[in-house]
Structure formats: structure tokens, C-alpha cells
Amino acid sequence: MDIEKVILLSVIRHGEQADIEELSGLVEALGYRVVDSVVQRRRSFDPSTYAGKGKIEELKKLAEEKDASLIVAYHNLSPSQVRNIERITGLKVRDRTEIILDIFAERARTKEAKIQVELAKCYHQLSRLRGKGKELSRLGGGIGTRGPGETILETESRAIRQRVHFLKREIEKYSKRRSLFTERRKRSGLVTVAVAGYTNVGKSTLVRRLTGEEVFIKDIPFATLDTRTGRIFLKSINKKVLITDTVGFIKDIPHELIASFKATLQEVTNSNIVVVVYDITSSNLESESDAVENILKEIGASEKPRITVFNKIDLVEGDEETFRLIVAGRVKRCENPVFLSAKTGEGVGRFLKKIEEMIKNLSF
């Protein structure tokens with residue numbers, strides 16, 4: 001089977017950044033092949049074609065040269081923008097949010113994760129329906145509608161909202177179950193540590209290194225969607241500690257995903273300590289730090305006691321002073337920094353000592 005060839009499209013407004021390299025990684029995670037990218041700087045998005053008709057005409061010629069069949073835009077596109085770009089280029093058009101939703105759908109393994117992904121897709125469909133206007137404004141009528149006066153837009157919107165209501169009830173069941181587990185842990189005196197951070201920074205590798213649990217690990221975005229918890233015993237302070245791996249964050253994360261995964265992200269909010277993991281080799285530490293802080297704030301976990309882990313030091317030459325210079329000023333909040341390699345185990349002992357110190361200062 002031929003691999004679909006993709007051209008990436010991004011409009012960068014004044015003062016903004018668009019990570020084309022990251023978008024390329026997301027697209028390739030779905031099995032597509034990125035053959036080129038088009039970036040345009042302008043004051044604002046073109047309301048009809050996102051990048052302006054002239055740039056879209058250029059993109060059409062480039063696609064013909066590269067034999068591309070799909071355009072993926074960095075920003076969310078309105079239904080009319082998608083329709084106009086497709087009409088001019090003759091190509092299929094998708095945006096970054098749809099790509100991320102597809103990755104989540106592909107990675108979901110448990111029933112809870114599948115429900116959360118479906119809910120996110122429903123939210124996205126509702127936002128798209130609102131922009132379809134004339135297409136769906138004609139009258140419906142027939143089985144499933146509320147009489148001849150109901151438009152197709154109203155019919156489809158009602159069906160999706162009913163599905164959203166059902167999915168939210170299902171997620172609430174998991175949320176209540178998780179709350180019961182949390183209360184049980186508190187009563188038993190267990191310390192809970194949530195490992196959070198940007199996607200693909202080595203969180204799952206760290207959890208497996210610490211707990212020995214079989215956690216799925218792969219060098220791809222969002223390899224882990226389901227929370228996995230393992231247990232360790234810290235002999236020096238006579239404490240059992242639960243370490244939980246959580247879903248990775250990403251900048252400009254679709255709001256639909258935060259809304260639907262809030263129940264899972266409760267693991268971070270309810271933990272005693274949050275371990276925020278970064279990839280020390282990343283060239284985008286600043287923007288990744290901003291994304292992490294924004295999401296932690298949105299889920300109510302920004303003020304939790306934390307350890308900041310810089311992973312993958314096995315890929316960087318130097319000592320701890322070198323590592324500190326590499327990250328200096330690039331991470332918004334750098335509390336209790338620890339430098340380690342989850343892959344080789346270097347620095348993990350220092351990390352465990354840091355957890356012990358923090359537990360001693362916690363009040364239960």
C-alpha cells in the first residue's frame with residue numbers, strides 16, 4: 001500500500017511560533033510521509049483560505065511536483081476554509097487537531113481511554129457543525145427529526161449532544177471509582193507521585209525504571225494514554241510510594257482533549273508530589289515548559305509540591321554544572337531539579353533521595 005504524501009501548511013502571525021518539526025512528527029506517527037512544508041508570515045489568518053489565495057495556489061503547484069495528496073494545517077481550520085482550500089488545490093485537507101485526535105484514537109487501549117477519545121471527537125464535531133452554516137441549514141424532516149421544521153444542523157447537533165451526555169456519564173463512573181481509590185490510598189498512608197510532562201520525554205521509561213512495571217514504551221508522541229501505576233518501597237523512611245505514569249502534554253493542545261481527559265488527569269491533581277519531566281536535549285524547552293505550566297494550571301495542579309526532572313543526560317556530554325547551564329532560564333518553573341537518564345539509570349538514585357526528602361516535609 002502506498003504511503004500518503006503530505007505537505008504541511010502554517011501561518012505564523014506576529015509574535016507567534018509554529019513548531020513545524022513537531023507537526024511533522026505527529027503526522028508521521030500516523031504513518032504518513034511529509035514531503036514538504038509551506039510557512040507564511042502574515043498579520044492574521046485569511047478568513048476564506050487561512051493562508052491567502054495566492055499562497056494556496058503556490059501550494060497546489062508544489063503538491064503536483066511532490067505528488068502529495070494531503071495538506072495538514074498547523075492551526076484549526078473552519079469548515080469554509082477547508083472547503084475553499086480543497087476546491088483550489090483538489091487535495092484533501094486536515095488540521096493539527098484532527099491529527100492529534102486520530103493519534104489518540106489509534107493509541108487508546110482501555111475502555112476508559114476509548115470513551116475519552118470519542119468524547120473529544122464529539123466536541124470537535126460540534127465545533128465544526130457550528131461553522132457549516134448554509135450546508136446544514138436546509139430543513140430535514142423524516143425519521144429521527146423533531147418534525148419538518150428541524151434543520152439538518154439541529155438534527156446532527158442533537159444526536160452528537162446526546163452522545164456527549166452518555167459519554168460524560170460513563171467517564172463520571174470512572175472518575176468516581178478513581179476518587180474511591182484516592183481516598184483509600186490516603187487512609188492507608190500511601191504516598192502518590194504523578195509523573196507528568198511533555199509527550200515523548202521518557203516518562204514511561206522512568207516509571208518502568210523505578211517500579212519494574214511493564215509499561216508500553218516507544219519513541220513516538222502519545223505512546224501512553226492510559227494511566228499506569230506501580231509501587232516502590234523507600235526503606236530509609238519506611239514508606240510505600242505509588243508512581244503513576246500519565247498522558248503526555250503538548251503545546252496548543254486541543255481543548256477538547258483536556259476536557260475529555262480531565263478524569264484521567266485527576267491522578268496529577270490528587271497526587272502528593274508531581275514529577276515534571278523534560279527532555280534535556282530538546283531545542284524547544286521554553287515552549288514545552290509554557291505548555292506544561294498552562295495545562296497544570298488548567299487542571300488545578302500547578303501549586304503541587306514538585307520535582308523537575310531533566311531526562312536523557314546520557315545524550316549530553318558534561319557534568320551537572322553543564323546540565324544546569326543548558327537548562328538555565330529555559331524552563332518557567334524549575335523546582336527541585338534532578339538530572340538523570342531513565343534509560344541507563346544514571347542519576348535515579350539522586351532522584352529517589354529527592355523524593356524521600358520531600359515526603360519527610362509532607363503533612364498527611
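Rings of Phe, Tyr and Trp (its six-membered ring) pair if their centres lie within 6.5 Å; planes under 30 degrees apart count as stacked, over 60 as edge-to-face and the rest as tilted. With that in hand, let us walk through the chain, keeping in mind that this is a predicted model in which local features need pLDDT of at least 70 and side-chain atom pairs count only at pLDDT 80 or more, while totals for chains, interfaces and linings use all residues. Residues are numbered from 1 along each chain as its sequence is written, and side-chain values use heavy atoms, with hydrogens and water left out.

The structure holds 4 aromatic pairs. In one of them, the ring centres of Y278 and F310 are 5.8 Å apart and the planes meet at 25°, so this pair is stacked. It connects distant parts of the chain, with Y278 in strand β8 and F310 in strand β9, 32 residues apart. Both Y278 and F310 are buried, a word that stands for under 20% relative accessible area, with exposed over 50% and partly exposed in between (1.4 Å probe, protein chains only). Another pair, F323 with F339, is tilted, at 5.7 Å centre to centre and 40° between the planes. This pair also links distant parts of the chain: F323 belongs to helix α11 (residues 320-327) and F339 to strand β10 (residues 337-339), 16 residues apart. F323 counts as buried because its relative accessibility is 5%, and F339 does so because its value is 2%. Ring pairs join Y278, F310, F323 and F339 into a cluster.

Helices (H or I, at least four residues) and strands (E, at least two) are DSSP runs, numbered from the N terminus, and the chain has 12 helices and 10 strands.

Two strands pair if DSSP finds at least two bridges between them. Strand β5 (residues 191-197) runs parallel to β8 and is joined to it by 5 bridges; V195 has V275 as its bridge partner in β8. Strand β9 (residues 306-311) is also parallel to β8, with 6 bridges between them, and D279 stands opposite N311 in β9. From β8 the chain crosses through helix α10 (residues 285-298) to β9 in a right-handed β-α-β crossover; right-handed means that, with the strands pointing away from the viewer, the path from the first strand over the helix to the second runs clockwise.

Counting contacts as heavy atoms within 4.5 Å, and leaving out residues up to four places away in sequence, I307 touches residues including V274, V276, F351, I355 and M358. F351, I355 and M358 are among the buried residues of helix α12, which has 14 residues (348-361).

Methods. The expected span of a helix is 1.5 Å times one less than its number of residues.
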